[in-house]
Amino acid sequence: MDGIDEIDVQFEETDTLCRAGLRLYDSLHDESDPYWLTAMILEASRIKDRLDLLHRLNSGDEDLWFHLAPTRGDGDVLEIKIDSGLQEARQLAAVLRQMLTEIRRHKDVESEPDNDDDLAGI
């Protein structure tokens, strides 16, 4: 077994989603969706999970506010990393809003009747 192609791994893209992201995915995804739309829905669901994590951070969850990391080049020295959660949350919320609008627009277009079909009203 030398190559990665020989490994039979069963992995669902939604396995990495948390509860809220999975709920969003389930509410938007249809089996008939084209792959590009499924990928967009999956990414929107990941963003939802990130926003929930950032909400916990911005709400004062002290375990998420900062973490210690080894300094580059010197494993004996630690530096404090403080996350900029508010700015990231604003940016992600804007991206999620745009993605959901785009997803809804494509789903609405798919559900419209074909006006070029002469037999559509029969």
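**Contacts, confidence and a nonpolar surface patch**

Within the protein chain, residues 24 or more positions apart account for 57% of the contacts that have a separation of 6 or more. The model is a predicted one, and its protein chain contains four helices and two strands, which follow one another from the N terminus in the order α-α-α-β-β-α. Of the 122 residues of the protein chain, 23% count as buried, while the accessible surface comes to about 9600 Å², with carbon and sulfur atoms contributing 52% of that area.

Among the elements, the highest mean pLDDT, 95, belongs to helix α1 (residues 19–28), whereas the lowest, 62, is found for helix α3 (residues 62–65). Over residues 4–9, pLDDT stays under 50, and the model has two contacts beyond four places in sequence for this segment. Where pLDDT is low, the predicted coordinates should not be read in detail.

On the surface, a nonpolar patch is formed by Leu68, Leu78 and Ile80, which together present about 320 Å² of accessible area. Of these residues, Leu78 lies in strand β2, which spans residues 74–82. The relative accessible area of Leu78 is 52%, and this residue is therefore classed as exposed, the cut-off for that class being over 50%.

How values were computed. Residues numbered from 1 in each chain as written. Predicted model: local features only at pLDDT ≥ 70, side-chain atom pairs only at ≥ 80, totals over all residues. Heavy atoms only, no water. Patch = residues over 30% accessible without salt bridge, like charges linked within 9 Å, V, L, I, M, F, W, Y side chains within 5 Å. Areas by Shrake-Rupley, 256 points an atom, 1.4 Å probe, with all protein chains shown as cover. Salt bridge = Lys/Arg side-chain N within 4 Å of Asp/Glu carboxyl O. Buried < 20%, exposed > 50% of the residue type's maximum accessible area, 1.4 Å probe, protein only. pLDDT = per-residue confidence, 0-100. Contact = heavy atoms within 4.5 Å.
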